[in-house]
Amino acid sequence: MEKKLSSGFSSQVSLVKCSDYDLALLKQKIYLALELIGGVNKFIQKGMKVLIKPNIMMPKKYGFPANTHPLFLKAVIQIFKESGAQITVGESSAGSQAGVTFTKKALKISGTEEVAETEGVKLVNFDFDQVCLTEIKNPHVHSIPIAKTVFEADLVVSLPKLKTHTFANIITGAIKNIYGVIPGQIKAEYHRLAPRPEQFFTIIRDLFGVVRPGLTIFDAIEGMEGDGPSAGEARQIGYIIASEDAVAADAVATELINVPSMKVLTTRLCAEAGLGKGKMEEITVLGEDLEKSVIKNFKLPTTTVYNPYLYRLILTLTKTEPFINQKKCTLCKVCLDSCPMRAIALSDKTLLINRSQCIRCFCCSETCPHQAIKPRRKNFLGNVLSKIILSRW
Ligand code: SF4
Ligand code: SF4
């Protein structure tokens, strides 16, 4: 692991009560949370390029408890703008429907797009961003495509949502939120390559070693309990958690819902790799008394039976790839320019896709003016099954 903590790095975590998504209240409480760990200006200086990475997991309505609340994002943007930051908001959501990634829809339906527009800040759909192929030392994956915007920022700020996670990790927080810097459906491919949680979360750890947020501010006002991160129930939690140590922020969030911090695989793996503090005795909690704040009856995921081989089979069956209809293609080359991986080439008047380079972002499909590229399931059985399922949906 290359990125160890610098000597000035602090594992102080602030815990501040906040009961509601009221903009004025949010700003007041986020200011307080930041004040406790050194103040806004410790992190933000005039002219600094700040990338805010919210957690917009899926296309669900405004305020859905799996996504960072749009007013929470708005409050953070306004605070940073007051300090003179140049702000960009970026995300690549999870999942897809009929081969098309959810990000565009998720940013719109969740209210994120509207917040970016009204605040006059740039919103980047990472699925359409340029890509930096970054090497990691991991037994399952050797290089990962990361949205270029991430490397252009002076500071990455993570705004995770506190919610449960059925995939054997108990919660998904600041560390897992960084997975959204990977564009497109290649994210699902890593689940297939490393189907066991103890394998998959090493990829998250090694990605986190490359993209470690300099500031984390948890939207733990309303979270999700039960079978999250998408099928759980909304739960009022009532807190904001902030830290420059994302691992420590995850640890405090976990303890807040009455789970020992090191039980969460991402926290344990990152702490063991020296990427932050995961043990509570190494973390200073400022603000509210954590012990008195613990929510004793927070519902954890019930889906604990997990079969990696079945999971791998499902991912193999449902894998989609861009398919070119050569009869419709006019060789206009629009898709060549829109492909972030430069995976499309023209050879002897035929368009070819290099499958080993393709990250399945489907930018080519979205930008083709002649609808000549369509997402198609690679597996025949998966294709038939998905058509049956979608026709009944
Ligand atoms: S954008 Fe569409 S029509 Fe143009 S070259 Fe690509 S596939 Fe062919
Ligand atoms: S070929 Fe299409 S789906 Fe694959 S990386 Fe390029 S634009 Fe994305």
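Predicted model: local features only at pLDDT ≥ 70, side-chain atom pairs only at ≥ 80, totals over all residues.
Residues are numbered from 1 along each chain as its sequence is written, chains are lettered from A and ligands numbered from 1 in the order written, and side-chain values use heavy atoms, leaving out hydrogens and water.

So, H1 itself. Helices here are DSSP runs of H or I with at least four residues, strands are E runs of at least two, and both are numbered from the N terminus. H1 covers residues 23-36. Which residues of H1 are buried, that is, under 20% relative accessible area? Leu26, Lys27, Ile30, Ala33 and Leu34. They sit on the same side of H1 because they cover an arc of only 130° around the axis, taking directions from the axis to the C-beta atoms. Their packing partners, with contact meaning heavy atoms within 4.5 Å, include strand E1 (12-17) and helix H3 (70-82). Just after H1, Gly38 has a positive phi of about 125°.

Now the ligands. Around ligand 1 there are 13 residues, with a heavy atom within 4 Å of it; Cys329, Cys332, Lys333, Cys335 and Cys368 come nearest. Around ligand 2 we find, among others, Pro322, Cys339, Ile353, Arg360 and Phe362.

Note on methods:
Expected span 1.5 Å × (residues − 1). Buried < 20%, exposed > 50% of the residue type's maximum accessible area, 1.4 Å probe, protein only.
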